[in-house]
Amino acid sequence: MSVLLARLALSAGRVVPVDTLIDDLWEDDPPEGGADTLRRLVSRTRARLDGHGLTIGPHARSGGYLLDLPADEVDVLHFEHLAADGARLLRAHAPDRAEEVLDEALALWRGAPLGGVEADFARREALRLEELGTAAAEDRAEAASRTGEPTAVVPRLRALCSAHPTRERSHGLLMRILHESGQSSAALAVHEDLRRALAEDLGADPAPWIGELHGQILRDRAPARTSEWSNPYLTRFFGRSEELAAIDTLMERTRLVTLLGPGGVGKTRLAAEYTTRAAAHLRVRFAELGPLREDGSLIEAVSAMLGTGEAFLAAPGQDRFTRLVSALSAVPTLLVLDNCEHLADEAASLVHRLLIRCPDLQILTTSREPLAADGEALLRVEPLHVTEEDGGEAVAMFTELASLARPGFTLDADNTPVVIEICRRLDGLPLGIELAAARTRSMPVQQIAHHLDERFRLLSGTRRSGNARHRTLRAVLDWTWDLLTDQERLVACRLSVLPGGAVADSARAVCTGESVAEDEVPYLLSSLTDKSLLSVTEVRPGEPRYRLLETARVYLSERLRQTGEEARTREAAAAHAVDLAEEAAEMVLGRDQPRGLEVLDSEHENLLESLHHACAGGDPTRAVRIVAALSWYWIIRGRYEEAGRWYDELDRHPGAHGPNSRMLATAVRSVLPRSEPAGCTGAGDRAGSAMAGAAALAAHPPLAMIIPKYRLLQGDHEGVRADAGTALAHPHPWVRAAGRAASALVVEATGDAAGAERGIQEAAEAFWELGDAWTSAQLITASAGFRSARGDVDGAIADLRRVLELKRSLGASEHFTLVLIRLGDELTRAGNTAEAEETFREVLDTTETATVEHRILCLAGLAELALLRERTEAARELLERARELLSGPLADPDYLRVVLLCQEGMLALAENETERAWERGLRAWDTARLLWIPDVRAQAAELLAGVRWQAEEPAEAARALGTATRLRGRRDHGNPRVRSLVRELSAALGQEAFDRAYTEGASGAAPLLK
């Protein structure tokens, strides 16, 4: 069997003819039965594999048999594929990727190929594979010699030479690497070993290329490597693998690449790292142009910096440029020109002339603005990314440098968040991180973080070596400032009042003024971007957003104060903020809702900055307008704490509110999530006595949704009905749609589930016609609950999937987390437990968006799944985790408490702990009564029904089910537990007795608790 499997595996996925199989398996002694014998062997093999759960054949096909197995699942075939890919990448001058692929290929090599398979075909194949394996090992050694420290591969090559004493490629590679590392004698000894082995074993001489290499070694000429430059940096290089690969890619398309970025971002260090790697196959020359004055000769300076003197620069008598061309044309060369920004025009001219005259020359430049030379490829170098979880390369760099400045420094649970915050506030700038890490010599990281508002004082004096322009952050920014025109300086300073960056319209509104005309602003933004002071992103096609790094913004804020323009600039920003917020607030209520939300999302930081300025600067009226415009946005995006905080701030300015804005403030506060138990009174309770008139609704349409919601939570059904009537008669279409929703809420509260469902659907349709996708989604979510309760669980699931599509179309993933949880609940009710679990896990694993409340609900959902699977221990563990989370501050603790009590009650029922289940059910019922949410109270009643049934009180159980129906407005036909309970109680009591007891509960004639 093993021989048959080996032969078929070598052709996995392909049919092997019967004759071939007979020849390979039995060679010169075929069995008497021929094809029949082979068929029986195939049948036994297939049965054996099936017994091990492997349904891969062998399968009979026309004229032969095959194993139904992808080629990449057979190590031999996968190895061949990887080895060929590695060789191709090596030939394509991609040694980094070649090394990775070849490592993966050689990792598949375990022992002798086809060991234990006694057949001629196996021996032939083993020889072929041995040759491929040796060639792959040589390719891997060559790739490694081009990417890392070449001498690291010497032991592997010596082992290959020992195993294959006449193999010329292995010996040639070893000779070259030994010679390039200064071990010429050892390289000559390797050549002698090869020459002797070839003569003794084969009676042959080494190949001509080996002879040429031998001659080069004798003449002390390295065959492919010449470098007189060494990397001046002493510390480890962090990240930038994508940038290094991008430089390689660009150099394949052009011969001039400029690394572009702000000061301190690490352009020079990246260029040095790339140069170090390029030195393996190119001669490199590195020229630092920072010290060169603008009136100096760039050609003279570059010639001098190459440091090779007249012998290198060819014969005297030639002009300096001709001698420079002669020097750079001798061999393929990489020329690095570092810090070109103050000599951009001169540098552009020089590199253009050099590249025309030197066909084997490549030039890498670093600059804060493009050279704008022909054929120039730009690669923008961004700050190091600071990740949420561990800070990424930025934190790794800080930790490494801090451990050098303060031996013993390590990251731990206490200081990791602080270090992440330091790196984030320093914009991930390597220079800032380096200077901050040096401060750990005398300061703990907590103190460094505390003083970052004074970053220019904090990060000075920590570095004595290196260029003076890179010793402090202020020096770096002073250098950039000196390169700006007067108009560029004005625009840059004025932009510093917009921490969230600016699109062109915002920049025109804020930056237009003395010495800067409105039509000049876009061109100045482009110029500042070219000089790497601004970064640019394109949130929407054709609408770039310009942003200052925070460190540059702090610096420019200081410069703005020095100009005496700060008050005027902030006034312009605040006026623009009011107009923008009010316009976007209108958009959010209609067909432009996605655009309105996008504007408010992207301008959020700027709006809060202007809001802070208005409150601090004595302009509360403007602050009220901004807060009023943002109120509905805050509710849509779930920014409840932010809304509460700014309304609290407005309380410090008596008289700022007019009647309408005061009503809005009271209404918004009344529906914000509370940390105190339900039933407590507070300032928000005043909304119950307020009636929004036509003027208030015209000024602030969202009042038509907010006030009824609050009244409903307070049980004020008549108030909701009155609000709905006012809204339905209003001329504003959005307010009328809100009136329909309020009417449906009243109908639901009075127990008419069918009427409520119709009303909710009509309201959802009305909002949809207006283009308000968010409110439509909220109402469709409510409609899904009604559909589920009447047994249409699949329809509810379809509704929730539609809601997810709508919410995703509006951006911000955290805003549909609750819908995912609802979907998980409905999938559970539908019996689709696998997808339900996947959905709950998705929320739990999304650490950036899942709140504590979300986690509690997901844990409760997973506990429900565990109970359905009869895994009570798992359910208990999940509920204990949820209970621990419940002890912290929460937005809606009573609702979550009821959810957990109900699940704990169901767990107790599953464990036949009737008394514990009754105690949990009573607590859930008492807490739910405070919430005025019919469905929550109904769930508690259904739990008590289950307890009554387990306690052998079927009539009381039926009455409890009837109570749940009265509260919800209909029986929960979508709940499998309720359906099961109805069947069991009907069977135990008889249908007539069940109906009578159930009706007593549903009519309210029999109280739930006696």
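The model is predicted, so local features need a pLDDT of at least 70 and side-chain atom pairs count only at pLDDT 80 or more, while totals for chains, interfaces and linings use all residues. Residues are numbered from 1 along each chain as its sequence is written, and side-chain values use heavy atoms, with hydrogens and water left out.

Let us start with confidence. The pLDDT (the predictor's confidence in each residue, from 0 to 100) averages 85 for the protein chain, and 91% of the residues score at least 70. Where pLDDT is low, the predicted coordinates should not be read in detail.

Next come the charges. A salt bridge here is a side-chain nitrogen of Lys or Arg within 4 Å of a carboxyl oxygen of Asp or Glu, and by this rule the count comes to 66. One of them joins the side chains of E571 and R622, at 2.9 Å from N to O. This pair links distant parts of the chain, 51 residues apart: E571 belongs to helix 27 (residues 566-588) and R622 to helix 30 (residues 620-637). Helices are DSSP runs of H or I with at least four residues, strands are runs of E with at least two, and both are numbered from the N terminus.

E571 counts as partly exposed because its relative accessibility is 40%, whereas R622, at 18%, counts as buried.

The side chains of R920 and E919 form another, at 2.4 Å from N to O; here E919 is partly exposed at 31%. Elsewhere, salt bridges link E131, E138, D139, E142, R167 and R169 in a network.

Now for the aromatic rings. Rings of Phe, Tyr and Trp (its six-membered ring) pair if their centres lie within 6.5 Å; planes under 30 degrees apart count as stacked, over 60 as edge-to-face and the rest as tilted. The structure holds six aromatic pairs. In one of these, the ring centres of F398 and F409 are 6.2 Å apart with planes at 65°, so the pair is edge-to-face. F398 sits in helix 17 (residues 392-405), while F409 lies in the loop between helix 17 and helix 18 (416-425). Both are buried: F398 has a relative accessible area of 0%, and F409 is at 13%.

W632 and W734 are also edge-to-face, 5.7 Å from centre to centre and with 85° between the planes. Because W632 lies in helix 30 and W734 in helix 36 (residues 733-749), the pair ties together parts 102 residues apart in sequence. W632 is buried at 8%, as is W734 at 0%. Together with F767 and W774, W632 and W734 form one aromatic cluster.

Finally, charge meets ring. A charge sits over a ring if NZ of Lys or CZ of Arg is within 6 Å of the ring centre and within 35 degrees of the ring normal. The charged end of R802 sits over the ring of W768, 5.2 Å from its centre, and R971 lies over the face of Y998, at 4.5 Å from the ring centre.

Note on methods:
Buried < 20%, exposed > 50% of the residue type's maximum accessible area, 1.4 Å probe, protein only.
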